[in-house]
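User: Hello! I would like to go through the charged pairs of this model with you, one at a time.

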Amino acid sequence: MNFHLNIILFATIISFTQNALSYPTTIELKGQKDDHRIVGGQNTTIDKHPHMLSMQYFSNHMCGASVLSKTWALTAAHCFGATDPLMDFLTVRAATSFHGQGGIQHKVKTIIRHEDYLGYDNDIALLELKDPLEFNNMIQPIKIPKQNEFLKPGIIAVAIGWGKTENDDYLSAQLQEVYLFTISEEICMELYSDQFTRNMMCAHYPLGGKDSCTNDSGGPLVVGDTQIGIVSWGPSPCGNSIYPGVYTKVSSFSTWINCYTGI
Ligand code: 4AZ
């Protein structure tokens with residue numbers, strides 16, 4: 001275990017030094033030990049992440065989702081059971097920093113779960129909206145990578161969501177962001193063996209204490225202007241220093257997304 005931790009720490013320190021000049025890292029380095037939001041994150045606002053959606057059932061936040069176009073959103077398949085929910089009560093809330101107020105609710109017309117979704121493999125779903133979103137400074141589409149585009153390990157990515165803040169039962173009223181580092185597939189495969197597949201990727205904070213968590217699921221992990229991951233699964237409690245959070249690797253599904261959406 002120590003061996004793994006050392007590798008991760010070493011890789012992260014190396015990549016951190018490489019990226020230190022080009023990323024906003026001061027906040028992350030402080031560690032924020034007394035602030036346990038979204039497991040180590042901080043308040044943020046929708047204008048900084050205008051692709052962010054709250055997926056809601058009977059007006060309760062369930063999962064994150066992201067805007068791909070005016071009529072398509074991306075989320076995780078595990079946000080749904082095997083059968084469809086009552087579609088009249090399934091909405092995405094756009095243009096708000098608070099899942100419980102403001103913004104605009106759009107009904108979901110269709111849920112497309114990945115055909116090979118099983119356990120946590122192929123944990124991806126598309127939502128077709130009944131009425132198109134209107135883009136503005138609080139609603140904008142996010143880019144997705146090219147199919148099988150290589151993902152550099154050790155780069156900084158931001159996870160956002162209204163999920164559990166302290167491994168307890170409370171959602172965060174305000175949108176949270178947390179800066180994490182991507183990890184190589186080899187390291188993640190060693191840590192999770194058979195549970196980890198080539199359709200997944202990992203991200204963590206090497207000291208622990210920063211992570212996505214329950215109800216952040218389906219939300220985006222973003223590098224620059226591109227969504228590289230979808231919050232999928234991870235250790236419980238969240239924020240483990242050795243076992244990283246696991247995300248659906250979006251670049252494994254770009255062709256699949258294109259088939260349904262034309263994007
Ligand atoms: C969850 O319970 C969950 N740290 C989602 C993501 C992560 C952990 C748990 C990743 O849905």
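Analyst: Gladly! A salt bridge here is a side-chain nitrogen of Lys or Arg within 4 Å of a carboxyl oxygen of Asp or Glu. This is a predicted model, where local features need pLDDT of at least 70, side-chain atom pairs count only at pLDDT 80 or more, and totals for chains, interfaces and linings use all residues. Residues are numbered from 1 along each chain as its sequence is written, and side-chain values use heavy atoms, leaving out hydrogens and water.

User: How many salt bridges does a search of the whole structure find?

Analyst: Side chains of opposite charge can pair when their charged atoms come close. Searching the whole structure for such salt bridges gives a total of eight.

User: Which residue forms a salt bridge with Asp 88, and how far apart are the closest N and O atoms?

Analyst: Asp 88 sits in the loop between strand S4 (72–75) and strand S5 (90–94), and its partner is 19 residues away in strand S6 (residues 104–113). Strands (E, at least two residues) and helices (H or I, at least four) are DSSP runs, numbered from the N terminus. The partner is Lys 107, with the closest N and O atoms 3.8 Å apart.

User: Is Lys 107 buried, partly exposed or exposed?

Analyst: Buried means under 20% relative accessible area, exposed over 50%, and partly exposed in between (1.4 Å probe, protein chains only). Lys 107 has a relative accessibility of 34%, so Lys 107 is partly exposed.

User: Which residue does Lys 109 pair with in a salt bridge?

Analyst: Lys 109 is partly exposed, at 46% relative accessibility. The closest N and O atoms of the pair are 3.8 Å apart, and the partner is Glu 128. Because Lys 109 lies in strand S6 and its partner in strand S7 (residues 125–129), the pair ties together parts 19 residues apart in sequence, the S7 residue being Glu 128.

User: Which side chain makes a polar contact with that of Thr 197?

Analyst: Thr 197 lies in the loop between H3 and S10, and counts as buried at 18% relative accessibility. A polar contact is a pair of N or O atoms within 3.5 Å; within protein, one must be able to donate a hydrogen and the other to accept it, and residues adjacent in sequence count only if both atoms are side-chain atoms. At 2.7 Å, the partner side chain is that of Asp 121.
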